[in-house]
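Hi everyone, thanks for making time for this.

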Amino acid sequence: MFSPSNLLCQKLLMRNSTRNFSFKQLKDVKSIIIRNFAWFNRHTAKENFGTKLKRRLRNLLIVTIVGCGTYYGYRTHRDYKWFKDMTDSDNSIGTKPRVVILGTGWGAVPFLKHIDSDKYEVVCVSPRNYFLMTPLLPSVSVGTVETRTVIESIRSLVGPKVKYVEAQCVNVNPKEKIITCNSDGTDVVSRGDDVKAIYVPSKREGGASSRIIKDSARTRPQFDMKYDVLIVAIGSENNTFNIPGVEEHAHFLKEILDARRIRSAISDAFESAMTPSQTPEERKRLLHFVVVGGGPTGVEFAAE
Ligand SMILES: Cc1cc2nc3c(=O)[nH]c(=O)nc-3n(C[C@H](O)[C@H](O)[C@H](O)COP(=O)(O)OP(=O)(O)OC[C@H]3O[C@@H](n4cnc5c(N)ncnc54)[C@H](O)[C@@H]3O)c2cc1C
């Protein structure tokens with residue numbers, strides 16, 4: 001019986017009749033081939049269970065390393081291609097019609113999930129890089145549900161075929177079909193959960209917690225983007241119906257930060273009420289909550 005390595009060497013020797021390898025060179029090649037094949041096929045009839053297992057494990061390790069390496073290379077290539085497409089696509093439209101969707105809320109996400117991204121180049125622009133499950137916000141505000149469970153990354157929701165850009169649209173030019181995003185490159189993009197908006201007073205002069213942090217990573221240069229079809233799903237603003245004092249003194253419940261603020265305020269109120277020197281009147285005031293608005297959100301919050 002010939003082993004694969006022997007067969008290969010024989011083929012090489014036969015071919016050598018038409019080539020000019022020296023006999024010594026061929027012998028070297030043969031020994032290299034035999035060594036390498038033997039390394040993979042090093043098993044004999046006498047091989048015991050231990051060595052057989054060892055050989056199989058070694059082969060499995062090699063296959064795993066090669067497989068992981070190939071996959072890693074493919075991922076890197078794909079990400080690079082995606083990034084290149086992304087940067088190229090800001091100003092020029094490719095072969096497919098470009099559909100730009102503004103927003104990552106209830107209106108935008110089902111559309112993004114169902115649009116055929118093979119037919120269209122789909123770009124989503126929104127300052128919020130996650131989808132927010134608004135019906136659960138009242139539960140977040142009282143701590144029944146954790147913040148992390150009511151949000152889902154937009155990229156993981158819509159997949160890699162949809163390009164997402166974290167920015168807010170500030171102008172639409174329907175004549176030329178161009179949108180302008182971000183304001184002037186110095187404004188911070190707000191995704192509704194800005195740390196910058198949480199002001200924590202501190203006695204320490206200039207201490208970290210007393211500053212409003214403006215994170216440079218959140219400032220974006222202004223850019224224009226062409227579109228063929230524009231879908232506007234940017235939701236709405238809270239309406240105070242011009243009731244005096246609501247804008248300045250009340251909490252809204254629309255974004256994740258609103259829920260966190262309410263939770264923090266409730267917790268603070270309870271802790272302050274627990275302070276030993278607190279007067280009964282002040283305790284009563286601290287533990288008195290008023291919900292303005294008897295719609296679904298107000299009722300749900302009150303019930304929670
Ligand atoms: C606490 C609460 C509970 C609710 N419960 C229910 C319920 O149980 N059932 C129900 O049917 N409805 C409920 N709603 C209402 C529901 O959430 C809204 O009707 C729905 O979110 C509206 O969807 P939308 O896509 O229009 O806007 P949104 O979901 O608000 O999404 C707007 C998106 O646009 C983005 N955006 C804003 N400005 C710009 C800009 N300039 N450029 C680009 N993007 C921008 C925002 O970041 C956001 O991603 C609830 C609402 C709240 C607040």
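Let me begin with a definition: rings of Phe, Tyr and Trp (for Trp, its six-membered ring) pair if their centres lie within 6.5 Å, and planes under 30 degrees apart count as stacked, over 60 as edge-to-face and the rest as tilted. With that rule, a search of the whole structure finds 3 aromatic pairs. Take Tyr 71 and Tyr 74: their ring centres are 6.4 Å apart and their planes sit at 40 degrees, so this pair is tilted.

Before I go on, a word on what you are looking at. This is a predicted model, where local features need pLDDT of at least 70 and side-chain atom pairs count only at pLDDT 80 or more, while totals for chains, interfaces and linings use all residues. Residues are numbered from 1 along each chain as its sequence is written, and side-chain values use heavy atoms, with hydrogens and water left out.

Back to our two tyrosines. Both Tyr 71 and Tyr 74 belong to helix H3, residues 49-88, and they are 3 residues apart, about one turn of the helix. Helices here are DSSP runs of H or I with at least four residues, strands are runs of E with at least two, and both are numbered from the N terminus. Tyr 71 is at 48% relative accessibility, so Tyr 71 counts as partly exposed. Tyr 74, at 45%, is partly exposed too.

Now to the ligand. Which residues come nearest to the ligand? Of the 21 residues around it, the answer is Thr 104, Trp 106, Gly 107, Thr 134 and Cys 169. Being near means that one of a residue's heavy atoms lies within 4 Å of the molecule or strand in question.

A polar side-chain atom of Thr 134 lies 2.6 Å from an oxygen atom of the ligand. A polar backbone atom of Gly 107 is 2.7 Å from a ligand oxygen, and for a polar backbone atom of Trp 106 the distance to a ligand oxygen is 3.2 Å. On its own the ligand has 990 Å² of accessible area, and the protein covers 67% of that. Those areas come from the Shrake-Rupley method with a 1.4 Å probe.

What does the shell consist of, by class? There are 10 nonpolar, 9 polar and 2 charged residues. Here Ala, Val, Leu, Ile, Met, Phe, Trp, Tyr, Cys and Pro count as nonpolar, Asp, Glu, Lys and Arg as charged, and the others, Gly among them, as polar. Strand S2 (121-126) and helix H5 (137-142) each supply at least two residues of that shell.

Next, the cysteines. How many disulfides does a search of the whole structure find? It finds 0, where a disulfide would be a pair of cysteine sulfur atoms within 2.5 Å. For Cys 169, the nearest cysteine sulfur is that of Cys 181, 5.0 Å away. Cys 169 is partly exposed, at 27% relative accessible area, while Cys 124 is buried, at 1%.

Let's move to Thr 180, which lies in strand S7, residues 178-181. Thr 180 is buried, with a relative accessible area of 12%. Its side chain makes a polar contact of 3.1 Å with the side chain of Asp 224. A polar contact is a pair of N or O atoms within 3.5 Å; within protein, one must be able to donate a hydrogen and the other to accept it, and residues adjacent in sequence count only if both atoms are side-chain atoms.

Finally, a bit of backbone. Most residues other than glycine have a negative phi, and most peptide bonds are trans. Lys 177 has a positive phi, near 60 degrees. You will find Lys 177 in the loop between strand S6 (169-173) and S7, partly exposed at 37% relative accessible area. Phi of Asn 242 is also positive and near 60 degrees. Asn 242 sits in the loop between strand S9 (229-232) and helix H7 (246-249), and at 72% relative accessibility it counts as exposed.

Methods:
Buried means under 20% relative accessible area, exposed over 50%, partly exposed in between (1.4 Å probe, protein chains only).
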